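Subject: Handing over a structure, with notes on what was found

Dear colleague,

I am passing a structure on to you, with the sequence and the coordinates placed just below. Please look through them first, and then read the notes that follow.

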Amino acid sequence: MAKKDLLGGALWEAYSKKVAARMDNPTNRGELTAADAKKLHGKLVVADHGAESCGDAVRLYWVVDPKTHVIKAARFKSFGCGTAIASSDMMAELCMGKTVDAASRITNIDVERALRDSPDVPAVPPQKMHCSVMAYDVIKKAVALYKGVDIRSLETETIVCECGRVSLGTIVDAIRLNDLKTVADITHYTKAGGFCKSCIEPGGHEKRQHYLVDILRDTRAAMEKEKLHQQMETQDFGSMTLVRKLKAVEQVFREDLRPMLAADGGDVELVDLKEEGGVWQVFIEYKGACAGCPSAGTNTLSAIESHLKQKLGDNIKVVPS
Amino acid sequence: MDRIYLDNNATTITDPMVKQAMEPYFCEKYGNPNSLHSFGTEVHPDLRVAMNRLYKGLGAAEDDDILITGCATESNNTVLKGVYFDLIKNGEKNHIITTSVEHPCVANTCRFLENQGAQVTFLPVNKDARVEAEDVRHAITEKTALVSVMWANNETGIIFSIKEIARVCREKGVLFHTDAVQAIGKVKVDVQDAGVDFLSLSAHKFHGPKGIGALFIRRGLKLPPLLHGGEQMSGKRAGTLNTAGIVGMGLALELAVDNLNYEATEVRRLRDKLEDGLLKLKDVMVIGRRELRVPNTVFISVRGVEGEALLWDLNKNGIAASTGSACASESLEASPVIAAIGAGSELSHTGIRLSLSRFTTEGEIDRAVKAFTEAVGRLRAVSSSY
């Protein structure tokens, strides 16, 4: 980043020669018809993906040998920019001669790699990776059509970043294992969000099911909660700070006591927390059915106290107000 | 192969006369105009000539201000942020009105001010791709501090009713600013006649140099400076004066105004010829009625052909145009204008803008029509949606 990005406007300069050549002369463009299929003794498959309104649309034609499931011919038509046309052209080429199953494993990343002039230099700039995703999606459509199965059965994982094919699981793992705190960290570790940026937050180029900002927030929140639980389990109540103590008591109220009393239409609130002679006094106030209930001063009280003691330690006394 | 430049709404060739006029200020008259010695003072007469040309070119009065800025982006920022600091931050007002089709330097500045607590109304355009004075009137509240509406749109070339909008603002006691970048040199721009309070312009859009612009401020109005520093421009815009740029912009504006008649007749004739040539293609649509547009612009949507792909083919043939297609922008944001006029979302990726200048020739237009037609033929043969 920085110096090389400051001037901008280098979109086309970042295309590989292969991308440019295929844009100028896409060798596999065109259609395949029922007559072509008959001539090749195969089955015709025509798959569509995308729409003009989304900026990209592609149609893939296959003739497949029904005995060997080998793709004997592949052609495409595409509404899209140079990258979309060049990747569709390469995608059609990569399909040819493969079985349908083998073709179903071709991803947009394979297509992009095949378009590189040298192995280490991307064929298209990051924001254009998006345009190669169509090539992947349309193959999946063709496979589903040929096999007569639902396309969803071909997806084994939830993909968050389609450009880089990064799954939800990979992203959550990366956040947890490396304690990632920002979206930029996620992009750095997993490449997700480093291409067309649609998956970073709502309002980008495309609507997505999952966004990195939400995944980050939810994963961090889950991590925090686990950390708190862990601290409470491992830390002795007496050595906690006052705030920690309060939070720990509140948590027992929230997660155990109130649901327990709610079963009988009752409720309880934490009023105060005060130390006296080494014992922590938990002041409570009964609500709902508990207020005025005969057992509130006896059985219920001792149940609350023993529960708190069990969770937080013995030096606790519950005082109803 | 000679290249053909049909992207004059992005920038223009510097008029060779302008370039020549600027040359002395690099190695000969290079003094700082604010210096007291002869190196500084010897450029004063030339700067005065340039300022006279600017005032005359815009129809400004002696007691109006025309601040020299670095670009129209700076001029627009000065107005929007200045009004924010003077009227909104202190709670006196809270509201700015603009349109949904402004250039990013207005739109993004407004979004920034929104984050600072200002309320911003982005008025949508109607089917003519315009915002009318009545739309503005209805949006004005007691808390409105400023209305900012472009004089002409950069993508479509559509001209807005600036005089009527300015009148509404004056009636309502609201300040009015217009970004006139795409209007100068294409249609008559007179600040007195139009009755605007603030007006921004940029020299490189009318055959002046890049890196210099101006901001007209009506007499009696004050804005806090965007750039604080020395006493240049009476302290209203600090920074060493760009002598060559000011001289170049002054001459460029004079030439642009002198050529307005040529623009309205000959440039318009060539644009219409280009447009008629392109309209012979099937399933194309030009955005905006001709009589509502500046004379140099045509924005055309070609069904079944994505904008960047068409641009690629035109470029192969030496023709420079521009596209609002999301695919060609680094940010992948769809054209706000096509989205705004509700022309059907499938068209939002097919828009191509061709913009002429007084340097465009008839032969270039003929070649452009031919190349465009061929490119559309090739790409429609590849297209899955045509």
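In these notes a residue is called buried when its relative accessible area is under 20%, exposed when that value is over 50%, and partly exposed in between. Asp283(B) is therefore partly exposed, since its relative accessibility is 44%. Please keep in mind throughout that this is a predicted model.

Asp283(B) is found in the loop between helix H11 and strand S9 (284-286) of chain B, and its phi is near 55 degrees, a positive value in a residue other than glycine. Ala129(B) also has a positive phi without being glycine, near 65 degrees, and it lies in the loop between strand S4 and helix H7 (133-139) of chain B. Ala129(B), however, is buried, because its relative accessible area is 4%.

The sheet of chain B

Chain B contains an open sheet of seven strands in the order S2-S8-S7-S6-S5-S3-S4, and the pairing within this sheet is mixed. Strand S2 (65-69) and strand S4 (119-123) of chain B stand at the edges with a single partner strand each, so one side of each is left without a neighbour in the sheet. From one strand to the next, the twist averages 20 degrees.

Within this sheet, strand S3 (residues 95-99) and strand S5 (residues 144-148) of chain B pair in the parallel sense over three bridges, and His95(B) has Thr144(B) as its bridge partner in S5(B). Helix H8 (residues 162-172) of chain B packs on the sheet, where it touches S5 and strand S6 (175-179) of chain B, and its direction makes about 160 degrees with that of S6(B).

Helices of chain B

Helix H6 (residues 104-115) of chain B has 12 residues and reaches 16 Å from its first C-alpha to its last, close to the 16 Å expected at 1.5 Å a residue. In H6(B), the residues Cys105(B), Val106(B), Ala107(B), Thr109(B), Cys110(B) and Leu113(B) are buried, and what covers the buried residues of this helix includes helix H5 (72-88) together with S3, S4, S5 and S6 of chain B. H6(B) is followed by Gly117(B), whose phi is positive, near 115 degrees.

Helix H10 (residues 243-258) of chain B can be checked in a similar way: at 1.5 Å a residue its 16 residues should span 22 Å, and its end C-alpha atoms are 23 Å apart, which agrees. This helix is mostly covered, with 13 of its 16 residues buried.

Val267(B) lies in helix H11 (residues 260-279) of chain B and counts as buried, because its relative accessibility is 1%. Leaving aside residues up to four places away in sequence, Val267(B) touches Tyr262(B), Pro295(B), Asn296(B), Leu356(B), Ser357(B) and Arg358(B). Of these contacts, Ser357(B) is 90 residues away along the chain, yet the C-alpha atoms of Val267(B) and Ser357(B) are separated by 6.6 Å.

A hairpin in chain A

In chain A, strand S2 (residues 56-64) pairs with strand S3 in the antiparallel sense over eight bridges, and the bridge partner of Val58(A) in S3(A) is Ser78(A). The hairpin of S2(A) and S3(A) has six residues between the strands, and in it His69(A) takes a positive phi near 60 degrees. Strand S3 (residues 71-79) of chain A is mostly covered, as seven of its nine residues are buried.

Aromatic rings and charges

A search of the whole structure finds four aromatic pairs over all chains. Tyr30(B) and Phe39(B) form a tilted aromatic pair, with 5.8 Å from centre to centre and 40 degrees between the planes, and Phe39(B) counts as partly exposed because its relative accessibility is 40%. Trp12(A), Tyr15(A) and Trp312(B) form one aromatic cluster, to which both chain A and chain B contribute.

Two arginines of chain B are also placed over rings: Arg111(B) lies over the face of Phe122(B), at 5.5 Å from the ring centre, while the charged end of Arg380(B) sits over the ring of Tyr386(B), 3.9 Å from its centre.

With kind regards

Note on methods: Residues numbered from 1 in each chain as written. Chains lettered and ligands numbered in written order. Predicted model: local features only at pLDDT ≥ 70, side-chain atom pairs only at ≥ 80, totals over all residues. Heavy atoms only, no water. Pairing = 2+ DSSP bridges. Helix = DSSP H or I, 4+ residues; strand = E, 2+ residues; numbered from the N terminus. Axes fitted to C-alpha atoms, helices over the stretch in contact; angles between N-to-C directions. Contact = heavy atoms within 4.5 Å. Expected span 1.5 Å × (residues − 1). Buried < 20%, exposed > 50% of the residue type's maximum accessible area, 1.4 Å probe, protein only. Phe/Tyr/Trp six-rings, centres within 6.5 Å; stacked < 30°, edge-to-face > 60°. Lys NZ or Arg CZ within 6 Å of the ring centre and 35° of its normal.
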